[in-house]
Structures are given as structure tokens and as C-alpha cells.
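I opened this entry to keep track of what I look up in the structure. I start with the chain as a whole and then go through the sheet.

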Amino acid sequence: MANFALTHFPHADELAQAAAAAWLEEIAATNLARQPHRVALSGGRITLKFFSAVVELAKAREVPLHRVHFFWADERCVPPDDPESNFRTAHERLFAPLGISSQQIHRIRGEESADFAAAAAEAEICRIAPLNGDGQPVLDLVLLGLGEDGHVASLFPDEPESIAASPAAYRAITNSPKPPPQRITLGYAAIAAARQVWVLASGTGKQAALRESVEPASRTPLARVIQSRSQTRIFSDIPAV
Ligand code: 6PG
């Protein structure tokens with residue numbers, strides 16, 4: 001049985017709508033169980049469409065979001081009001097429109113030094129999320145985008161194994177090929193520990209990355225995530241994969 005489930009959509013709008021509907025169903029289920037829902041968000045262009053679809057559907061379906069705790073899969077090392085900040089994007093397009101309480105938002109402090117921000121983010125996520133036997137925080141859902149080089153979060157190709165294999169829940173990146181160069185990212189072990197991982201794979205120029213990443217012997221960052229888990233859900237508008 002494949003350790004990924006790939007669903008194809010004709011366009012980014014349909015992908016975003018489907019992912020938003022699926023996420024709100026997950027949140028509604030945790031509401032019924034009176035349980036928190038801990039999610040890590042990513043940045044990128046598809047996230048903008050995804051957030052808009054979530055806001056529209058959450059309002060239409062009147063889904064309570066007060067049990068959701070928001071973390072990030074990655075953040076850029078910039079201040080929270082910087083246009084490059086993943087927090088700023090989420091605040092403007094998701095939290096403010098839905099009236100999310102600041103108590104539910106666990107921002108990565110991109111304005112601090114990368115090492116300080118990574119350590120503080122790790123302490124916070126390990127305080128809020130349950131830990132598995134390896135000490136990794138167990139999130140309910142990690143939402144990832146896909147880069148043209150197969151990166152997810154701020155985990156980029158060709159990292160030395162000594163770094164890629166780090167057990168750190170969050171770690172600093174100083175040489176991101178995708179600007180800005182300094183970032184904070186969830187590590188592979190924390191992504192592997194999550195109950196669910198969904199990849200919103202959208203945009204041109206990613207066909208080779210996605211096609212390669214679903215191959216069993218692939219070494220792309222997305223492939224490493226897929227190979228580390230029993231199941232990864234991929235929402236894709238990338239043709240012919
Ligand atoms: C970031 C993202 C990054 C993004 C991918 C896809 O902060 O840059 O987390 O991993 O999700 O690069 O971005 P696009 O959807 O814009 O192609």
C-alpha cells in the first residue's frame with residue numbers, strides 16, 4: 001500500500017477549496033470530541049488561496065475554531081509585520097477575519113536571532129502539544145507547500161545527513177535558496193510525528209519535483225517526509241503526476 005494519497009485538482013482554486021473543507025471537517029470532529037486541534041501552517045502562494053477558502057467556509061458553516069492552536073511549519077527570520085512573515089500572512093488572511101484569539105497563536109519569533117527563535121518555538125510547541133516516546137511534539141496536522149526543488153517547510157535538498165537527521169523539533173536555516181535566507185523550520189522528526197501531514201502541491205514548475213518525490217528511493221525533502229510516515233496526503237494541481 002502506498003504511503004501517500006494523491007488527489008488531483010484541475011486548478012489551485014479547487015485544490016484550496018477541497019483542502020479547506022477537509023481541514024474544517026477535521027476541526028469539527030475535534031470540536032465534537034471537545035479536544036484541541038494543533039496545526040502547523042506553511043507559507044507560499046497556495047496558502048493565500050487556502051486561507052481565503054477556510055475563512056469563507058468557516059463562516060458559512062459556522063465552525064467554532066476556539067479549540068485550534070496554530071503553529072508554523074516554517075517562518076522567515078523577519079519581524080512579524082514584515083511582508084515576508086508567514087505570521088503576518090496568517091494574521092491578515094486567517095486570524096483577523098476569523099477573530100482568532102492571540103492565546104491560540106504560537107508565533108515563531110522571527111525578529112529574534114534564528115537560534116533563539118528556534119529554541120523558543122521548540123519550548124512552546126513542546127509545552128502545548130503532547131510528546132511522543134521520542135520527545136517529539138505530536139501535532140494533529142502539518143500543512144506543507146511544495147517547492148520546485150522538492151522542498152517542504154524550509155527543509156531544502158542536499159542538507160548534510162548530520163543536520164537533516166537532527167531530532168530538534170525546530171531548527172534554524174541560514175542558507176535557504178528561497179529568499180529570505182534565514183528561516184526557522186520544523187525538523188523531519190516533528191513532521192514524521194504528526195498525526196496527519198497534508199501537502200498542498202500547487203503551481204508550475206513542480207511536476208518533476210512531485211513525480212520524483214513519490215518514488216520510493218527518492219531523496220527530495222518531500223520524499224523524506226513521505227518515507228518517514230505511514231501516510232501523507234497530497235492535494236495537487238500539478239498536471240500528469
Ligand atoms: C515558505 C513556505 C514554503 C512554501 C513552498 C511553496 O515559507 O516559503 O513554507 O515551504 O510552502 O516554497 O510555495 P508556493 O506555494 O508559493 O510555491
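What percentage of the 241 residues in the protein chain is buried? I note first that the model is predicted. I then looked up the burial and found that buried residues make up 52% of the chain. Buried here stands for under 20% relative accessible area.

**Entry: whole chain**

I listed the secondary structure and got 8 helices and 9 strands for the protein chain. The radius of gyration is 16 Å, close to the 18 Å that the globule rule gives for 241 residues, so I record the chain as being as compact as a globular protein of that length. Along the principal axes, the C-alpha atoms fill a box of roughly 45 × 40 × 35 Å. I put the accessible surface at about 10,600 Å², with 53% of it belonging to carbon and sulfur atoms. I also checked sequence separation: of the contacts between residues at least 6 apart in sequence, 76% join residues at least 24 apart.

**Entry: the sheet**

In what order do the strands of the open sheet of 6 strands come? I read the order as β1-β9-β8-β5-β2-β3, and the pairing is parallel. β1 (4-8) and β3 (68-72) stand at the edges with a single partner strand each, so one side of each has no neighbour in the sheet. From one strand to the next, I find a twist that averages 20°.

**Entry: β8 and its partners**

Why do I call β8 largely enclosed by the rest of the structure? I counted along residues 196-201 and found that 5 of the 6 residues of this strand are buried, so the description holds. On one pairing, β8 runs parallel to β5 (residues 141-145) over 5 bridges. There I located L143 of the pair opposite W198 in β8. I then looked up the pairing with β9 (residues 232-236), where 4 bridges join that strand to β8, again in parallel. A201 has S236 in β9 as its bridge partner.

How many bridges join β2 (residues 37-41) to β3? I count 5, and the two strands run parallel. L41 stands opposite W72 in β3. I also looked for a helix at this place and found α3 (residues 86-98), which lies across β2 and β3. The angle I noted between α3 and β3 is about 150°.

Terms used
Residues are numbered from 1 along each chain as its sequence is written. This is a predicted model: local features need pLDDT of at least 70, side-chain atom pairs count only at pLDDT 80 or more; totals for chains, interfaces and linings use all residues. Side-chain values use heavy atoms; hydrogens and water are left out. Two strands pair if DSSP finds at least two bridges between them. Axes are lines fitted to C-alpha atoms, for helices over the stretch in contact, and angles run from 0 to 180 degrees between N-to-C directions. Contact means heavy atoms within 4.5 Å. The radius of gyration is taken over C-alpha atoms; the globule rule is 2.2 Å times the number of residues to the power 0.38. Buried means under 20% relative accessible area, exposed over 50%, partly exposed in between (1.4 Å probe, protein chains only). Accessible areas come from the Shrake-Rupley method with a 1.4 Å probe; for residues, only the protein chains shown count as cover.
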